[in-house]
There are 2 protein chains.
Amino acid sequence: MIPVTDPRIEAYMLELTPESDPAILEMEKKARETGVPIVSRPVGRFLSLMTYLKQPNLVVELGSGFGYSAYWFARAMRDRGKIVLTDYSERYMEYARRVFDEAGLSCRAEFRVGDALQIGREYGTIDLLFIDLDKYLYPEAIRVMLPNLAKNAVVIADNALWRGAVVEGGEGKKDAAAIREFNEFMCGHEDFFATIVPVGDGVLLASKISP
Amino acid sequence: MIPVTDPRIEAYMLELTPESDPAILEMEKKARETGVPIVSRPVGRFLSLMTYLKQPNLVVELGSGFGYSAYWFARAMRDRGKIVLTDYSERYMEYARRVFDEAGLSCRAEFRVGDALQIGREYGTIDLLFIDLDKYLYPEAIRVMLPNLAKNAVVIADNALWRGAVVEGGEGKKDAAAIREFNEFMCGHEDFFATIVPVGDGVLLASKISP
């Protein structure tokens with residue numbers, strides 16, 4: 001395992017931006033208690049920033065868990081934009097709906113239970129696609145969703161460095177290989193300009209640059 | 001000194017995105033030969049991505065050196081947008097102009113010799129402000145430029161982690177203190193939503209969120 005960011009640096013980053021939003025704090029507590037994986041808080045802030053910059057009308061999230069990353073997108077949307085959450089778990093989607101309701105953000109969200117790729121392809125002209133489903137599905141996910149991306153769309157994928165396993169192999173070899181394949185696809189594809197942002201567990205960030 | 005990104009991770013990132021643009025390669029060679037500091041290549045790619053997402057009409061760069069970071073902005077601009085380069089060195093600005101000319105990007109750039117803060121405040125409604133001048137000037141730079149930022153403007157500052165010195169003190173104490181002050185100002189200011197992106201030497205990324 002390779003720490004993507006030095007722990008002292010990450011501690012400084014967290015100190016700089018204390019969080020008081022009760023929804024964020026509650027979801028982080030739930031993640032700690034249940035062991036459900038969520039993006040790190042610096043990744044959450046990064047997702048908000050990408051939302052502020054891009055101002056998307058439609059965000060589709062493949063693999064929402066109980067809605068933590070979706071909340072960072074929705075909170076940064078202000079007066080326009082919608083995010084589609086997807087997860088197999090009805091319980092997670094109900095939880096997310098409750099949290100979004102209490103935060104006054106439900107008008108910015110659709111909560112969909114089922115297969116993320118099936119649901120995702122129902123939506124056309126996606127401005128921002130966020131990929132965070134099972135890692136072995138990453139290469140298939142981008143191939144399936146490619147025709148549904150809007151002009152200048154942004155693609156963001158979590159776990160692009162997989163705790164360093166993309167570099168050193170080891171744990172979760174099958175997953176690491178799939179993520180490597182996905183990273184190479186995105187960085188080598190002429191329709192995209194892509195980079196990996198070494199925040200959290202690594203975030204692949206790509207902009208569709210084809211006309 | 002704290003490495004912001006693990007060297008194995010950074011090597012993987014560079015491998016994924018080989019660079020063949022002769023202008024980039026020439027400027028990187030010049031930096032190695034002269035010791036003039038430039039942003040790292042992953043930071044350069046990140047700046048291009050921010051340009052693709054934001055699609056700024058006006059980028060103002062405080063402290064351009066010989067134009068390496070400006071080139072990453074300009075190359076991602078396509079058919080609109082302008083970047084204002086600033087540096088004390090007439091020689092650097094002439095070099096940048098020559099590189100931009102050869103790449104067909106001069107139409108996207110203004111090359112200004114002199115005091116970055118004096119020049120910067122000539123421009124109003126700045127969509128993207130990039131700060132990379134002497135580190136002790138960071139807090140003054142943002143205070144001076146604040147009134148000149150457009151609605152939803154983006155502020156990006158290089159060296160926000162100063163090789164870890166913001167955390168551990170040590171080398172360049174005065175500079176580290178100034179950067180810390182700047183980071184705290186940006187992260188605490190109600191007009192901004194800010195985060196530090198731990199790429200290269202650390203990049204502060206902020207979006208103006210005041211109405």
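**Entry 1: Exposure**

I began with a definition: a residue is buried under 20% relative accessible area, exposed over 50% and partly exposed in between, with a 1.4 Å probe and protein chains only. I applied this to B:K151, which is exposed because its relative accessible area is 59%. B:K151 sits in strand β5 (residues 149-158) of chain B. I noted that helices (H or I, at least four residues) and strands (E, at least two) are DSSP runs, numbered from the N terminus. The C-alpha atoms of B:K151 and B:W72 are separated by 23 Å, and the two residues are 79 residues apart along the chain.

**Entry 2: Conventions**

I recorded that this is a predicted model, in which local features need pLDDT of at least 70 and side-chain atom pairs count only at pLDDT 80 or more, while totals for chains, interfaces and linings use all residues. Residues are numbered from 1 along each chain as its sequence is written, chains are lettered from A and ligands numbered from 1 in the order in which they are written, and side-chain values use heavy atoms, with hydrogens and water left out.

I looked up helix α3 (residues 41-54) of chain A and helix α3 (residues 41-54) of chain B, whose axes come within 8 Å and cross at roughly 50 degrees. α3(A) is therefore oblique to α3(B). Angles under 35 degrees count as roughly parallel, over 145 as roughly antiparallel, 65 to 115 as roughly perpendicular and the rest as oblique. Axes are lines fitted to C-alpha atoms, for helices over the stretch in contact, and angles run from 0 to 180 degrees between N-to-C directions.

A:F46, A:M50, A:L53 and A:K54 of α3(A) meet B:F46, B:M50, B:L53 and B:K54 of α3(B). Contact here means heavy atoms within 4.5 Å.

**Entry 3: A:S64**

I found A:S64 in the loop between β1 (58-62) and α4 (68-75) of chain A. A:S64 counts as buried because its relative accessibility is 5%. Apart from neighbours within four places in sequence, A:S64 is in contact with A:L85, A:T86, A:D87 and A:M93.

**Entry 4: Aromatic pairs**

I searched the whole structure and noted 17 aromatic pairs over all chains. Rings of Phe, Tyr and Trp (its six-membered ring) pair if their centres lie within 6.5 Å; planes under 30 degrees apart count as stacked, over 60 as edge-to-face and the rest as tilted.

A:F66 and A:Y95 form an edge-to-face pair, 5.4 Å centre to centre with 75 degrees between the planes. A:F66 lies in the loop between β1 and α4 of chain A and A:Y95 in helix α5 (residues 90-102) of chain A, so the pair ties together parts that are 29 residues apart in sequence. Both A:F66 and A:Y95 are buried.

A:Y71 and A:F100 are also edge-to-face, at 5.7 Å centre to centre and 90 degrees between the planes. A:Y71 is buried at 3% relative accessibility, and A:F100 is buried at 0%. Helix α4(A) is mostly covered, with seven of its eight residues buried.

**Entry 5: Positive phi**

I noted that most residues other than glycine have a negative phi. A:W162, not a glycine, has a positive phi of about 45 degrees. A:W162 is in the loop between β5 (149-158) and α8 (165-168) of chain A, and is buried with a relative accessible area of 12%. B:T125 has a positive phi near 40 degrees. B:T125 counts as exposed at 58% relative accessibility.
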